[in-house]
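The discussion follows once the sequence and structure have been shown.

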Amino acid sequence: MIDTTKFSLADFMKSEDKNIMELAKEFWEYKEDYVRRRHYQYRRISITGSGPTMKIIDHYTGQVKEMINLASNDYLNLTKHPRTIKAGIEAVKKYGTGAGSVPLLGGTLDIHVELEKKLAKFKGCEDALIYTSGYGSNLGTISAILHEKDVAILDMYVHASIIDGCRNTNVEFFRHNNMDSLEKVLKKVKDKYNTKLVIVDGVYSMDGDIAPLDQIVEIAHAYGAFVMVDEAHATGVIGKNGRGTPEHCNVEGKVDIVAGTLSKALGAVGGFIATNKELVNYLHFYSRAYMFSTAPTPQATASLIEALNVIEEEPELRQRLWDNIRYFRENLLKLGFNLGNQQTAIFPIIIGDDYKVKEMCRELHEAGIYVNPVFYPAVPRRLSRIRMSITAGHTKEHLDRTLDVLEHLGKKYGII
């Protein structure tokens, strides 16, 4: 039996002396030790879908357990909004369950074009195209536009899909949200490459902080670089009208490429790129993730169109979300928890001890509170954490119950 206290996930990522089947067997033993210690908080099976609370099948008891759900990216709870559900049902009745082909050939529906136009307008861009996943939108776009004579300039904390998209190009990193570091890198690459593309997240998924996009755009453009922002955790959440980081930072129309998922605040599945019409047209033919994936389902597409309508027409959802964010943040800080530079619906409780993270998450699970443990190699060992996210549908009772349990555990494990 492998002792999980002596290994990390990084130890099983590659091996110089084992084949993949041997490595998988060892990793299975690692997972079994996780389960034995009741630290395994992955793939908990929900029988009710996303929501402020949900019922899951408990790994350890086999019983149905109702939990306060602080592990969802469904920030506005649009996965179960009556309008998005109705739109999806009507689309299935009209178009069937699938698009039937890739979008470039026979799979483009009129509602796909409607969603793309609506996303482009929502993001202040000329045009957009949709992918079947947010991961695919980043991977497919970046790999299509950056090659051996180009360079990607990445914030150190960008999402894995962005890093994966850069495997066929040159990469330079700058320190997280540090403009002096960004400018230093831009000076270094100024005359070396054809295309220079600065890529950042609008809201960072592990820290919940916001990129200073206005400064990034100004500095990048001054050095002849383009800017791409991933709006996965920003769309629907920040900005006066929920349009994301460019709106929040007053640079709408100035960001060269706006990317994002359709699976978080928009409540369905997929990804998008919004930019100028010429680049969208280029991606139709050169983005392999777009060209070789069947077009998004009619249900998801119609639900997403309606989700954008809801965001525009029901601002009270975003107001409730921000009321909850402010309340939860104020009380966590009052208790003495370290939240780093958290600014949005994502809450990292930074602990810096992998074992304490695992034990606290075990006890939170037993108390009926669904959170995610995050530790090395996803974050540095000294920054291991419990990750939570708040939605508009959480009640004060949900938040207060969570705060009470966190206070008890924080004191028990010497965190506060």
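Y40 has a relative accessibility of 17% and therefore counts as buried, where buried means under 20% relative accessible area, exposed over 50% and partly exposed in between, with a 1.4 Å probe and protein chains only. The model is a predicted one, in which local features need pLDDT of at least 70 and side-chain atom pairs count only at pLDDT 80 or more, while totals for chains, interfaces and linings use all residues. Residues are numbered from 1 along each chain as its sequence is written, and side-chain values use heavy atoms, with hydrogens and water left out.

K31 lies over the face of Y40, 5.3 Å from the ring centre. A charge sits over a ring if NZ of Lys or CZ of Arg is within 6 Å of the ring centre and within 35 degrees of the ring normal. Another such placement is that of K396 over the face of Y327, at 4.9 Å from the ring centre.

A pair of aromatic rings is described by the distance of the centres and the angle of the planes. The structure holds 10 aromatic pairs. The rings of Y34 and Y42 have centres 6.5 Å apart and planes at 75°, so this pair is edge-to-face. Rings of Phe, Tyr and Trp (its six-membered ring) pair if their centres lie within 6.5 Å; planes under 30 degrees apart count as stacked, over 60 as edge-to-face and the rest as tilted. Y34 is buried because its relative accessibility is 3%, whereas Y42, at 28% relative accessible area, is partly exposed. Y42 also forms an edge-to-face pair with Y40, at 5.4 Å centre to centre and 70° between the planes. Ring pairs join F12, F27, Y30, Y34, Y40 and Y42 into a cluster.

The next topic is helix packing. The axes of helix α7 (residues 179-189) and helix α8 (residues 213-222) come within 10 Å and cross at roughly 20°. The two helices are therefore roughly parallel, a term for angles under 35 degrees. M179, L182, E183 and L186 of α7 make the contact with Q215, I216, I219 and A220 of α8, contact meaning heavy atoms within 4.5 Å.

Finally, T261 lies in strand β9 (residues 257-261); helices (H or I, at least four residues) and strands (E, at least two) are DSSP runs, numbered from the N terminus. T261 is buried, with a relative accessible area of 10%. The C-alpha atoms of T261 and A232 are separated by 4.9 Å, although these residues are 29 residues apart along the chain. Not counting residues up to four places away in sequence, T261 touches G134, A232, L266, G270, G271 and F272.

Methods:
Axes fitted to C-alpha atoms, helices over the stretch in contact; angles between N-to-C directions. Parallel < 35°, antiparallel > 145°, perpendicular 65-115°, else oblique.
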